[in-house]
Amino acid sequence: MVLCLLVPWTCICLTLIKGIKSSGKVAYFLAIFPYVVMLVLLIRACTLEGAADGMLYFIKPQWDRILEAKVWYAAVTQVFFSLTICFGNVMMYSSYNRFHNNVYRDVTIVSIMDTLTSMLAGLIVFGVIGHLAHVLEAPDIKHVVRGGAGLAFITYPDAIAKFTFWPQFFAIAFFLMLFVLGIGSNVGMATTIMTVIRDRFPQLQPALVAVGIAIVGYGIGIIYTTPGGQYVLDFLDFYGASFVALVLAVFEMFTFAWIYGVSRICRDIEFMLGIKTGLYWRICWGFITPTLLAAILLYHIATYETFTFNGYVYPDGMYAFGWCIFAAGVLQLPAWAIYTFLKRKEPDWRDRLLHCFKPTHDWGPEDPELNAKYHESVYKHEQSLPRDRSLVRRMFDNVFS
């Protein structure tokens, strides 16, 4: 297992060795190949007996679970991981775009493709599982379905092994697809880390940073190859990734919507693309999305249950360690806020606090000419606003101005 883990990290290191240019070229293969395999697997799944029952089980809603906090929490965290929201990947890749790049088009395509890909993968998996239930003569598909990693690494391979036509080929194709998808995800995360390090220390060579990231990632990954690796993986995923990402997402959404301001975001989009933002997006960014995210977080906290894995209750020390990891992620918010406050030069603490909630003087396009035009447009808008606005009026202008 340790040697097997070395293979993907070697591939990731070689991909990153020349920086974003090499990873961009590899992305074509990493993005296209899984769709070729999924198309083959979908065609095969549709020819199996019982596949329709499995697909119907996948798409049929379970209305009795619609109010369960775990369901919504799992849905939100799945979207975060699928689109790498709150993990830095989106901002990292967008930083390489041209200033006037049509991000509206890009995010629309990516969001739709991500949803359709998830639906396609679900139909493929549950179609094959439906066949497994048919072969085993199970009274209900839920009796052969495993949750979590067991679905992909236990239930699905078991179903493929019962194919009467080329089971070895489909098993190799499936796991090769998982391998490529895993490489693609890790390349994105590793590139984000690499970009952060090289932005801070530009003198470092890309190859040196890539090798360092690969060694650290490989060393940490060895923990998950041990007999208890799955228990550690799910534990750290809960306390160190999913939970932290949701908390940070709530604060990030409120920051952009009500501190930076929906109105200013819309003006920035218009400055970049020449497109006016519609009412739908303004209402979503200003009210619906922050409210829903906050409600899901509060609901999850209120109905929190001690994390277990397959019925296993972790030692108290592990739970304390988990909360320490959670705190290390979440407490960066107030820590960096205090640092920013102390770094300000204004003599009065009120002015310091006020300026902490405003963009810095150098905020804007990197190009000097564009930067000057941008600040001129911001100044004109600020001068057009009444000075004696009420709080309600300010809130209204923040979303609809």
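This is a predicted model: local features need pLDDT of at least 70, side-chain atom pairs count only at pLDDT 80 or more; totals for chains, interfaces and linings use all residues.
Let's begin with the annotation. An unreviewed UniProt entry places a "binding site" feature at S82, L181 and S185. These positions span 104 residues in sequence, yet no two of their C-alpha atoms lie more than 11.2 Å apart, so they gather at one spot. If you look for S82, you will find it in helix α4, which runs over residues 69-83. With a relative accessibility of 28%, S82 counts as partly exposed. Beyond its neighbours within four places in sequence, S82 is in contact with D114 and S118. S185, for its part, belongs to helix α8, residues 167-200.

Y28, I32, V36, V40, F165, W166 and F169 make a nonpolar patch of about 760 Å². Helix α2 (residues 20-46) gives the most to this patch, with 4 residues. F165 sits in the loop between α7 (149-161) and α8, and its relative accessible area of 44% makes F165 partly exposed.

Helix α6 deserves a look along its axis. Just after α6, E137 takes a positive phi of about 55°. G130 pairs up in space with D53: their C-alpha atoms are 5.7 Å apart, although 77 residues separate them in sequence. D53 is found in helix α3 (residues 51-59) and is exposed, at 52% relative accessible area.

Finally, follow the charges. The structure holds 8 salt bridges. One of them joins the side chains of K276 and E270, 3.0 Å from N to O; here K276 is exposed at 64%, while E270 is partly exposed at 33%. Another links E346 and R344 at 2.8 Å, N to O. In that pair E346 is buried, with a relative accessible area of 17%, whereas R344 is partly exposed at 24%. E369 and K373 also meet in a salt bridge, at 3.8 Å from N to O. Because they are 4 residues apart in helix α15 (residues 368-384), about one helical turn separates E369 and K373. E369 counts as exposed at 53% relative accessibility, and K373 as partly exposed at 44%. To finish the tour, look at R389, R393 and D397, which are linked in a network of salt bridges.

Methods:
Residues are numbered from 1 along each chain as its sequence is written. Side-chain values use heavy atoms; hydrogens and water are left out. UniProt positions are given in the numbering used here, feature names are shortened, and annotations may be inferred rather than shown by experiment. Helices (H or I, at least four residues) and strands (E, at least two) are DSSP runs, numbered from the N terminus. Buried means under 20% relative accessible area, exposed over 50%, partly exposed in between (1.4 Å probe, protein chains only). Contact means heavy atoms within 4.5 Å. Patches are made of residues with over 30% relative accessible area and no salt bridge: like charges are joined within 9 Å, nonpolar side chains (Val, Leu, Ile, Met, Phe, Trp, Tyr) within 5 Å. Accessible areas come from the Shrake-Rupley method with a 1.4 Å probe; for residues, only the protein chains shown count as cover. A salt bridge is a side-chain nitrogen of Lys or Arg within 4 Å of a carboxyl oxygen of Asp or Glu.
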